[in-house]
Every structure is written in structure tokens, then in C-alpha cells.
Amino acid sequence: MASIVTDRDLTSEIVSTFSAKYFSTDVENRKAALNQFQKLGLPTNKSEEYRFTPIGKNLSKNFTWKTVSTESTIGSVEPFLMEGVDASVVVLLNGVYSSKLSHIKHDKNEITVMSLTDAFKTHEAIVAQYFGKNLPTESDSFVAMNSAFWQSGVFIHVKENTNVEKPVLILHVNDAQTAQVNAQTRLLAIVEKNSSLSVIEKFESVGDNYVFHNFCEEITVKENARLEYCKVQNDAGKSIQVANTVIHQSATSKVDTFTLTLDGEMVRNNLTIVIDGENCESHFHGLYLLKGNTLADNHTVVDHKKPNSFSNELYKGIMDGNAKGVFNGKIFVRPHAQKTNAFQSNRNILLSDAATVNTKPQLEIWADDVKCSHGCTSGQLDEEALFYLRSRGIPADTAKAMLLYAFALDVLAPVKNESLKTYLDHLISDRLHKNF
């Protein structure tokens with residue numbers, strides 16, 4: 001275990017360890033991000049945005065930056081795939097794009113899927129147009145860190161008037177069997193006009209050493225385009241994960257997102273949807289099923305900038321053992337965003353006295369012709385319902401799992417791909433029947 005150092009010492013150690021290694025691509029942006037990272041430092045418990053999630057303290061206590069490795073002995077990702085889901089598979093192994101393990105099934109004339117590093121060379125114009133334009137590099141130290149030190153990533157570009165039928169599965173596999181892993185990854189995706197895309201991200205770790213996975217994602221959904229985005233965080237082991245995802249919507253576009261968090265020592269998801277066009281529709285749901293000492297923190301932002309749009313947000317959590325859930329949801333309705341409908345709900349069930357949840361729904365409205373609501377609930381299982389099922393001869397564990405499943409089921413509504421929905425349904429059901 002590394003000795004405890006100050007946040008500034010840790011920032012200096014990170015900078016000195018990784019500056020030279022990754023400064024060969026996107027040099028100017030990296031230099032600016034590096035300066036900002038040094039200015040911000042890692043967040044402490046005095047930071048309002050991170051006060052319930054002490055990532056900096058955890059990293060300083062448990063991570064030794066100079067011993068991290070990108071090497072891996074994993075020769076197949078077959079055990080990590082989604083059974084029944086037919087998709088192109090893009091593999092990032094310890095943060096590095098693996099052309100050997102990736103398998104792209106799509107027509108190259110309709111969609112481009114490739115390493116982001118290569119895209120800087122072969123698709124320079126479109127990468128320059130969209131890369132780094134929407135992420136909060138100036139205010140979030142983990143975005144600044146990623147922008148300075150990203151190792152590899154994925155570039156996706158869907159041509160106009162293209163319906164991409166098969167999903168793109170981005171598989172993040174971290175091999176911590178022999179050393180700690182520091183994975184700094186990136187996603188840049190553009191869905192052009194009148195097109196559709198489904199993106200799935202899945203996270204897995206093997207080994208007993210610590211993994212720090214910091215990733216940033218920029219997704220642009222153009223006019224009348226459709227995006228389905230699903231994230232499955234099943235990172236068992238000593239995994240510290242920070243995600244910053246920004247989705248930018250243009251007029252008449254539709255976005256459906258779903259985030260499922262099952263495992264990991266500490267997980268932080270920052271999801272921002274910018275509704276920058278009229279007649280947009282956005283549905284984003286999340287479910288965190290936590291046990292042991294896992295901490296999952298979901299921070300969401302919906303920014304309504306234009307009128308006549310609709311957003312619906314539903315996050316649910318079930319926590320057992322010493323698990324901790326955090327939800328902070330913000331809805332902004334700008335002065336010109338009249339006729340906006342925006343709804344937000346967070347609901348939680350605590351299965352043990354030691355489990356905790358901190359929830360803070362927020363709504364800021366600068367327009368007067370809108371329909372908006374937000375709210376949260378936290379409690380325990382309905383004892384009357386549990387007694388009713390027991391009285392019908394159903395065993396206690398089964399009755400408990402049935403009630404929890406009924407509570408969680410509606411979060412899958414944004415998932416339109418039936419094979420993906422079936423996979424997620426089985427994953428949720430197995431967790432509720434075997435682990436709670």
C-alpha cells in the first residue's frame with residue numbers, strides 16, 4: 001500500500017509520471033489540459049461536487065502511480081461478452097485499443113469504428129471539429145486529467161441517413177493480475193442527420209490489484225438522429241472508476257440512456273445531456289444494485305437550451321451491507337426554453353441499517369411556460385407486501401427478490417434492443433436472487 005500523501009503531492013506525482021508518456025498525440029490540447037489539472041488538483045471533501053465520494057483520498061492511500069502497467073496476459077474476451085447480443089466489439093485492454101481482440105461487423109461505408117488515436121491521423125478534420133468541445137475541462141479535474149493523459153480511445157462516425165442495426169459494444173477489460181492499472185480512455189461519437197446508433201459499454205476487471213479507470217465521452221446527435229446508449233458497470237475487485245459523459249442533441253433528435261452499476265469499490269458517473277434544439281426527446285434511466293462496501297455516485301445534468309422539448313429521468317437504487325449510494329440530479333431550463341417538459345425522480349431501498357444514500361434532486365427554471373417536476377424517496381421493503389407473499393407459501397428470500405425485481409423493472413424502459421434488454425433483465429434478476 002502506498003503511503004498517504006497530500007493532494008498536491010499526488011497531483012505532482014501523476015504529472016511527473018505520465019507527462020512524457022502520452023504527449024505524442026493532440027499535443028496542444030494536452031498541454032492546456034495539463035495546466036488546468038495542475039491548477040485544479042484532485043477534489044477533496046471540501047469540494048461540493050465530490051464531498052460524498054472521496055476519490056482523491058482513496059487514490060492517495062491505495063495507488064502507486066509509478067508501478068502501473070498496460071501489459072496483459074488476457075488472450076480472449078469471450079468470457080466478458082454479452083450472451084445473445086449481436087454487436088461489433090471494440091476492446092480496450094488496460095486502456096489501450098486492441099485491434100487483435102476487436103471485431104467490427106459493420107459496413108465501413110455507413111459507419112466508421114476505429115481507434116481514436118488513428119482517427120486523429122485519418123479523420124483529422126471531423127475529429128478537430130468535435131473533440132474536446134463539450135467536456136468541462138475547466139471545472140472538473142478528472143476531465144482535465146483525462147484530456148492530458150488519455151492513452152487510447154474509440155472513434156465512431158455514422159454517416160447521414162444511416163440506420164445502424166447492430167450495436168457497437170465497447171468492452172473495457174482491465175487486467176490487474178500482476179500490477180495496478182491506470183486506464184485513461186476516450187470516446188468520440190458523431191451520429192449525423194437522420195441516422196441511428198446503439199452504443200453499449202461494459203466494464204470488467206480481473207486480478208487483485210487496484211484499477212483506476214478514468215474515461216471521458218463526447219457524443220453528438222445531429223438533427224433527427226437517434227441514440228441508444230447503455231452502460232454496464234460490473235467491475236468486480238478493487239476498481240475506482242470515474243466517468244464523464246456529455247451528449248449533445250440537435251433539433252428533433254431522440255436519446256435513450258440506461259446505466260447499470262453492480263460492482264466496483266468506488267464508481268462516479270457524471271452524465272450531462274445538452275438539449276440544444278427544438279422538439280428533442282431524452283430518456284435517461286439508471287439502476288444501482290450495491291452490496292459490500294461499494295460506493296456509487298451518479299451526478300446528472302439535463303440542460304434545456306431550446307423550447308418544445310421533453311426529458312424524463314428515473315434513477316433507482318437498492319443498497320445492502322455497507323454500500324453507499326449518491327444521486328445528484330440537476331435540471332436547467334434556460335430563458336428561451338419555453339414549452340419544456342422535464343421530469344426527474346430518484347427512488348431508493350435500503351436493505352440494511354449500515355447502507356446509506358445521499359440524494360439531491362435540483363431544478364432551476366428561467367422560463368415561465370413549462371411543466372417540470374422532481375423528487376426523491378428512500379425507505380425499506382414493504383413489510384405488508386412481503387408478509388402477503390410469505391402467506392402464499394413463497395420462501396422469504398424469493399419473496400424479497402420478487403419485490404425488489406418489481407421495484408427495479410421499469411428502469412429498463414429506454415432499452416429498445418430486445419436482446420440487450422433480455423441480457424440486462426437476466427443480469428438484474430440474478431443479482432437480486434443470489435446476492436440480496
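Which residue forms a salt bridge with lysine 254, and how far apart are the closest N and O atoms?

Reply: Keep in mind that this is a predicted model. The partner of lysine 254 is glutamate 281, with the closest N and O atoms 4.0 Å apart. That pair links distant parts of the chain: lysine 254 belongs to strand β11 (residues 254–263) and glutamate 281 to strand β13 (residues 281–290), 27 residues apart. Lysine 254 has 22% relative accessibility, so it counts as partly exposed, and glutamate 281, at 30%, counts as partly exposed too.

Now for aspartate 276, which forms a salt bridge with lysine 306; here the closest N and O atoms are 3.2 Å apart. Aspartate 276 is in the loop between β12 (266–275) and β13, while lysine 306 is in the loop between β14 (295–304) and β15 (310–319), so the bridge ties together parts 30 residues apart in sequence. Aspartate 276 is partly exposed at 25% relative accessibility, and lysine 306 is partly exposed with a relative accessible area of 33%.

Next comes aspartate 86, bridged to lysine 166 with 3.3 Å between the closest N and O atoms. This pair also links distant parts of the chain, 80 residues apart: aspartate 86 is in the loop between α3 (55–62) and β1 (88–93), and lysine 166 in the loop between β4 (152–158) and β5 (168–175). Aspartate 86 counts as partly exposed at 36% relative accessibility, as does lysine 166 at 33%.

Note on methods
Residues numbered from 1 in each chain as written. Predicted model: local features only at pLDDT ≥ 70, side-chain atom pairs only at ≥ 80, totals over all residues. Heavy atoms only, no water. Salt bridge = Lys/Arg side-chain N within 4 Å of Asp/Glu carboxyl O. Helix = DSSP H or I, 4+ residues; strand = E, 2+ residues; numbered from the N terminus. Buried < 20%, exposed > 50% of the residue type's maximum accessible area, 1.4 Å probe, protein only.
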